[in-house]
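Please read the points in order, with the model open beside you.

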Amino acid sequence: MKSCTFFGHRDCPETIKPKIREAVIDLIENHGVTIFYVGNQGNFDCLVRSVLKEVTMEYPRVGYSVVLAYMPSVKAESFSEDFSDTMLPEGIEKVPKRYAIPWRNRWMIARADYVVTYVTRPCGGASKAMVLSEKMDKVVCKLK
């Protein structure tokens, strides 16, 4: 079973969504990827999540999880967000909040065979995750 994770800037433009979809379908059809992991920190993650929701309807043998860095907080009025496709990685409950996102990112990279990135600048978490993925000899697909 092959897996993939994603990293991109939180201010990613909507125009990248077709490229995300193309990459996901290629990974499924040509590389045997059946599980995808994505975070939930910004627009890139939101775009990936929407693509994965659509694609998993077309490919029922494929699954995905939104990997949270923190336990969702209970809002006083309502709890309207759907968390049915989310998970907390085991061990994250022991990580101080300020280190939770990098810890979660390393967790996702360690479990992935492929990493899809949208990195347009050399700073920030997405760039750090891409560099770490390359150091860990993951197959990195860079979207432009």
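1. Cysteines first. The sulfur of Cys46 lies 10 Å from the closest cysteine sulfur, that of Cys12, which is too far for a bond. A disulfide here is a pair of cysteine sulfur atoms within 2.5 Å. Searching the whole structure gives 0 disulfides.

2. Where do the two cysteines stand, buried or exposed? Cys12 is buried, at 3% relative accessible area. Cys46 counts as partly exposed, at 49% relative accessibility. The terms are set by relative accessible area: buried is under 20%, exposed is over 50%, and partly exposed is in between (1.4 Å probe, protein chains only).

3. A word on the source. This is a predicted model, in which local features need pLDDT of at least 70, side-chain atom pairs count only at pLDDT 80 or more, and totals for chains, interfaces and linings use all residues. Residues are numbered from 1 along each chain as its sequence is written, and side-chain values use heavy atoms, with hydrogens and water left out.

4. The sheet. It is open, has 6 strands and runs in the order β4-β3-β2-β1-β5-β6, with parallel pairing. At the edges are β4 (86–87) and β6 (139–142), each pairing on one side only. Strands pair if DSSP finds at least two bridges between them. Helices (H or I, at least four residues) and strands (E, at least two) are DSSP runs, numbered from the N terminus.

5. β1 (residues 2–8) and β2 (residues 33–38) are joined in the parallel sense by 4 bridges. Across this pair, Cys4 stands opposite Phe36 of β2.

6. Helices on the sheet. Helix α1 (residues 17–31) packs on the sheet and touches β1, β2, β5 (114–118) and β6. Its direction makes about 150 degrees with that of β2. Helix α3 (residues 100–111) lies across β1, β2, β3 (63–67) and β4, at about 145 degrees to β1. Contact means heavy atoms within 4.5 Å. Axes are lines fitted to C-alpha atoms, for helices over the stretch in contact, and angles run from 0 to 180 degrees between N-to-C directions.

7. Salt bridges. The count is 6, each being a side-chain nitrogen of Lys or Arg within 4 Å of a carboxyl oxygen of Asp or Glu. Which residues form the network? Lys17, Arg21, Glu54 and Glu58 are linked in it by salt bridges.

8. Arg21 deserves a look. Its side chain meets that of Glu54 in a salt bridge, at 3.6 Å, N to O. Arg21 is in helix α1 and Glu54 in helix α2 (residues 43–58), 33 residues apart. Arg21 also forms a salt bridge with Glu58, with the closest N and O atoms 2.7 Å apart. That pair again links α1 to α2, across 37 residues. Arg21 is partly exposed at 26%, as are Glu54 at 34% and Glu58 at 44%.

9. A buried pair. Arg49 and Asp85 form a salt bridge, the closest N and O atoms being 2.5 Å apart. Arg49 belongs to helix α2 and Asp85 to the loop between β3 and β4, 36 residues apart. Both Arg49 and Asp85 are buried.
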